[in-house]
Amino acid sequence: MQYSKFDGKKISKLGFGTMRLPMKEDGKIDREETKRMVKRAMDAGINYYDTAWGYHAGEAEEAMGEVLADYPRESYYLATKMPTWLCHSKDDVVETFQKQLDHLRTDYFDFYLVHSIDDDSWPNTQKIQCINALLEEKAAGRIKHLGASFHCSLELLEEILELYGSVLEFIQLQINYHDWDFAEGKELHELALKFDKPIVIMEP
């Protein structure tokens, strides 16, 4: 396994995503098969596990909480994301965050992201004071590193990094061979570098 360095941490270049876990005929996550997959990933040196409230209609976080409970908490880095579209106030952000801690059976998140920022969702993200609420969770030690994932225009990404670049420690972008040329992947990547932001890649 190859690794990247981030703030003194050694993070596997290949992460384990949970948006498309194996499913049983009843539409629920096959947790035994997921356990086997995670064991293989752990054995191969993968130590970055990424999930979100919205994956598998809300079941992914709970499933990963069950699976990862078999491993020492310090043996992996855990990432999840705030579903801003479900929140109507700062109190909703705080309540949702606590539920995610409960789902994942942990006291803290190594990496926590504002999920899927785009031109439609950003006004509500601002209205509910999402980033301010998450900075308070970080100050309390329940978030180690705060970032955001983006599906937005180049202009909005630049605006957000101008506003919050000092507190967003990393960003997650959709980068692959298709998007590099046809969805501003190259330009978004260059903008992230301009602001000196480490990038987590989704949909590679």
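Visitor: How do you know that the side chains of Asp 43 and Lys 39 meet in a salt bridge?

Guide: The term requires a side-chain nitrogen of Lys or Arg within 4 Å of a carboxyl oxygen of Asp or Glu, and the N to O distance between Lys 39 and Asp 43 is 2.8 Å, so the pair qualifies. This is a predicted model, in which local features need pLDDT of at least 70 and side-chain atom pairs count only at pLDDT 80 or more, while totals for chains, interfaces and linings use all residues. Residues are numbered from 1 along each chain as its sequence is written, and side-chain values use heavy atoms, with hydrogens and water left out.

Visitor: Where do Asp 43 and Lys 39 lie?

Guide: Both belong to helix α1, 4 residues apart, which is about one turn of the helix. Helices (H or I, at least four residues) and strands (E, at least two) are DSSP runs, numbered from the N terminus, and on that basis the protein has 8 helices and 9 strands.

Visitor: Why is Asp 43 called exposed, and why does Lys 39 count as partly exposed?

Guide: A residue is buried under 20% relative accessible area, exposed over 50% and partly exposed in between, judged with a 1.4 Å probe and protein chains only. Asp 43 reaches 57% and is therefore exposed, whereas Lys 39, at 46%, falls in the intermediate class and is partly exposed.

Visitor: What makes Lys 35 and Glu 66 a pair that links distant parts of the chain?

Guide: Their side chains form a salt bridge with an N to O distance of 3.6 Å, and Lys 35 sits in helix α1 (residues 31-44) while Glu 66 sits in helix α2 (residues 59-68), 31 residues apart. With relative accessible areas of 25% for Lys 35 and 21% for Glu 66, each is partly exposed. The two also take part in a network of salt bridges that links Arg 31, Glu 32, Lys 35, Glu 59 and Glu 66, and the structure holds 15 salt bridges.

Visitor: What makes the negative surface patch negative, and which residues form it?

Guide: Asp and Glu count as negative, Lys and Arg as positive, and His and the chain ends are not counted; the patch is formed by Asp 119, Asp 120, Glu 155, Glu 159, Asp 181, Glu 184, Glu 187 and Glu 190. The elements that give two or more residues to it are α6 (154-164) and α8 (185-194). Patch members have over 30% relative accessible area and no salt bridge, like charges being joined within 9 Å and nonpolar side chains (Val, Leu, Ile, Met, Phe, Trp, Tyr) within 5 Å.

Visitor: Which residues make the nonpolar surface patch?

Guide: Met 1, Tyr 3 and Leu 14 make this patch of about 280 Å². Met 1 is in the segment before β1 (3-6) and, with a relative accessible area of 43%, is partly exposed.

Visitor: Why is Leu 146 called buried?

Guide: Its relative accessible area is 0%, so Leu 146 is buried; it is found in strand β7 (residues 143-150). Buried residues make up 47% of the 204 residues in the protein.

Visitor: How do you know that the radius of gyration agrees with a compact globule?

Guide: Taken over C-alpha atoms, the globule rule is 2.2 Å times the number of residues to the power 0.38. For 204 residues a compact globule would have a value near 17 Å, and the protein has 17 Å, so the two agree.

Key. Areas by Shrake-Rupley, 256 points an atom, 1.4 Å probe, with all protein chains shown as cover. Charge placed at Lys NZ, Arg CZ, Asp CG, Glu CD.
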